[in-house]
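Thanks for coming. I have a few minutes on one structure, so please look at the sequence and the model together.

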Amino acid sequence: MTERRHVPLPAAFADNRDGLPEKVFILRKRLYIKAKQEPRFRFYALYDRITRPDVLAAAWDQVAMNGGAPGVDGVSIEDVLNAPGGVDGFLTELHESLTQKTYRPRAVRLKMIPKANGGERPLGIPTVRDRVVQTAAKLILEPIFEADFLAVSYGFRPRRSAHDALDAIEEGLARGLTAVYDADLKGYFDRIPHALLLACVQRRVADGAVLKLIRQWLRAPMQEQPQGRRGPPRTIRRRAGTPQGGVISPLLANLYLHWMDKRFHGADGPAQFAKARLVRYADDFVILARYQGTRISDWVEAIVEDWMGLEINRDKTRTVTLRQPGASLDFLGYTFRFEQDKFGRPQRFLNRVPSAKACARERERLRRMTGPERCLVPVPQLITEINQQVRGWANYFGKGRSRPAFRSMNWFLQQRVVRHLKRRSQRPYRPPAGVTWYQHIYKHLGLVQL
C-alpha cells in the first residue's frame with residue numbers, strides 16, 4: 001500500500017484567488033494532492049471531469065476574459081454572447097458533443113506575427129469552441145503535471161512569472177555562479193515530436209478519451225489565408241509541434257521540457273557533476289555554474305538534440321563569463337552585468353537593467369502610436385493609450401536599476417508627443433500662454449512620467 005504523506009500546497013492550489021467555481025477549485029486541489037502523494041500513479045478517469053458542466057463553464061469564463069480573435073469558422077466571443085441560445089446554449093451543445101464523443105476540433109487559423117529580430121513566427125488560433133475545450137482540459141491536467149514540475153521552471157505556470165526567473169538568475173550570479181550557458185532552441189513549439197510528447201502525457205494519463213483529445217489537437221491542420229488573395233485557404237498538415245496560440249500548448253510544451261529538467265538533476269546531470277543551476281522560462285533557459293567547460297554544452301546537445309529530437313540554435317546559443325570586463329547576459333528583456341563601483345571601490349556590483357533591445361522595441365511601439373497616421377485620434381484617447389502602454393512596460397521593467405532607462409524613455413516620449421501635437425493641424429499647435437511644453441503635456445494632458 002502506498003504511504004500517504006502530507007502535501008504542502010503551492011499558492012495556486014491553496015487559495016482560490018483566480019475565482020474558479022468552488023467545486024472546480026476543490027477538484028483541482030484534490031488532483032494535485034493525489035499526483036503529489038503518488039508520483040507513479042496514472043489517472044484513468046479524467047474525461048468525465050473535463051466534460052463536467054461546471055468545468056466547461058469555468059473554461060468559458062477564462063476564454064471570454066482573455067478575448068482573442070476568431071478561428072477558421074469566424075465565430076467570435078461576441079457571436080457566442082449574441083447567439084439565440086447565448087452562452088448556455090453554446091455550453092449545452094458543447095457538453096453533448098463531448099459526452100457523445102462526436103466532438104472534433106477544427107483546423108487552426110495560422111497568422112504570422114512579427115518577431116523582435118525582424119522575422120516572423122507562426123501563431124495558431126483555434127476556434128472559440130476548441131479554446132473552451134482546451135481550457136477545460138488544462139484545468140484538469142494542469143494540477144497533475146504541476147505536481148511533477150520542478151522549481152527551476154517558471155514559464156506559463158500558475159503563480160510563477162518572468163520576474164521569479166530573473167530573481168533566480170540574480171541569486172545564482174550573486175552566489176558566484178557567473179559562468180553562464182545561454183541556450184536558444186530553434187523553433188521549439190514547431191518541432192516537438194508528437195510521439196515523444198504523447199509518451200510524456202501517458203506517464204500520468206491513462207484515460208484513452210483524454211489522450212485522443214490531445215492527439216486530435218496536435219494533429220489539427222493549420223489554415224492560412226494568403227494575403228491579398230481570394231479563394232480557399234492554404235492547409236498545412238503538421239507532423240510535429242504544438243502551435244503557439246493554443247490554450248493547451250504551453251502546458252504540453254512545459255511537460256516535454258520537464259524531462260530535460262529531470263535529467264539535469266539526475267545522477268549524470270550538470271546539477272551533480274558541475275554543481276550547476278538551471279533556470280528555465282518555457283523554451284528559454286540558462287545554466288549557471290562556476291566554470292563552463294565543454295562537458296555542460298556536450299550534455300545539453302546530447303539531451304536536447306539526440307534524446308529529445310529538438311535543435312539548438314548555435315547562432316544564438318553562447319557561453320559567457322560575467323566576471324570578465326564588458327560581459328553581460330540578456331534574458332527575458334533584462335541585461336545582467338557586473339559594473340564598477342561608482343565610488344571607486346575595487347569591488348564590482350551586479351546590475352540588472354532593461355536591455356537595449358527591450359528599450360528599442362518600446363521606442364518603436366511609441367513611434368507607431370505617435371506617428372502621422374494617428375493624427376485623427378483625439379488627443380485624450382491618444383494620451384490614455386500611451387499611458388496604458390508605458391505603465392505596462394514600467395511595471396515589468398521596474399526591477400533592478402531601471403532609473404536611467406526610464407529617464408531616457410521619458411525624454412524620448414516627451415519629444416514624440418510634442419512632435420505629434422505640432423503635426424496634427426496646419427495651424428501651429430502651442431501650449432496655452434504662459435505654460436511650457438513640459439507643463440502642458442504632463443499637467444494639462446496627463447501624460448505619465450516613469
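Which helices each supply at least two residues of the lining of the second largest pocket? This is a predicted model, so keep that in mind throughout. The helices are helix 2, residues 22-37, and helix 12, residues 249-264. Of these, helix 12 gives the most to the lining, with 4 residues.

Some numbers on that pocket. The volume of the second largest pocket is about 380 Å³. It is lined by 17 residues, and P39, D148, R203, W259 and K262 are the closest to its centre. By type, the lining holds 8 nonpolar residues, 1 polar and 8 charged.

Next, helix 17. This helix runs over residues 403-423, which is 21 residues. From first C-alpha to last it reaches 30 Å, close to the 30 Å expected at 1.5 Å a residue. Its buried residues are A405, F406, M409, N410, F412, L413, Q414, R416, V417, V418, H420 and L421. As a reminder on spacing, an α-helix has 3.6 residues a turn, so residues three or four places apart point the same way. What covers the buried residues of helix 17? The cover includes strand 11 (348-354), helix 15 (356-369), helix 16 (379-396) and helix 18 (437-444).

Last, the cysteines. How many disulfides does a search of the whole structure find? The count is 0. Are C359 and C375 buried or exposed? C359 has a relative accessible area of 9%, so it is buried. C375 is buried as well, because its relative accessible area is 16% and the cut-off is under 20%.

Note on methods:
Residues are numbered from 1 along each chain as its sequence is written. This is a predicted model: local features need pLDDT of at least 70, side-chain atom pairs count only at pLDDT 80 or more; totals for chains, interfaces and linings use all residues. Side-chain values use heavy atoms; hydrogens and water are left out. On a 1 Å grid over the protein atoms alone, a cavity is a set of points where a 1.4 Å probe fits but cannot get out, and a pocket is an open set with protein on both sides within 12 Å along at least five of seven lines; lining residues have an atom within 4 Å of a point. Grid points are joined across faces, edges and corners, and a volume is the space filled by probe spheres set on the points. Ala, Val, Leu, Ile, Met, Phe, Trp, Tyr, Cys and Pro count as nonpolar, Asp, Glu, Lys and Arg as charged, and the others, Gly among them, as polar. The expected span of a helix is 1.5 Å times one less than its number of residues. Buried means under 20% relative accessible area, exposed over 50%, partly exposed in between (1.4 Å probe, protein chains only). Contact means heavy atoms within 4.5 Å. A disulfide is a pair of cysteine sulfur atoms within 2.5 Å.
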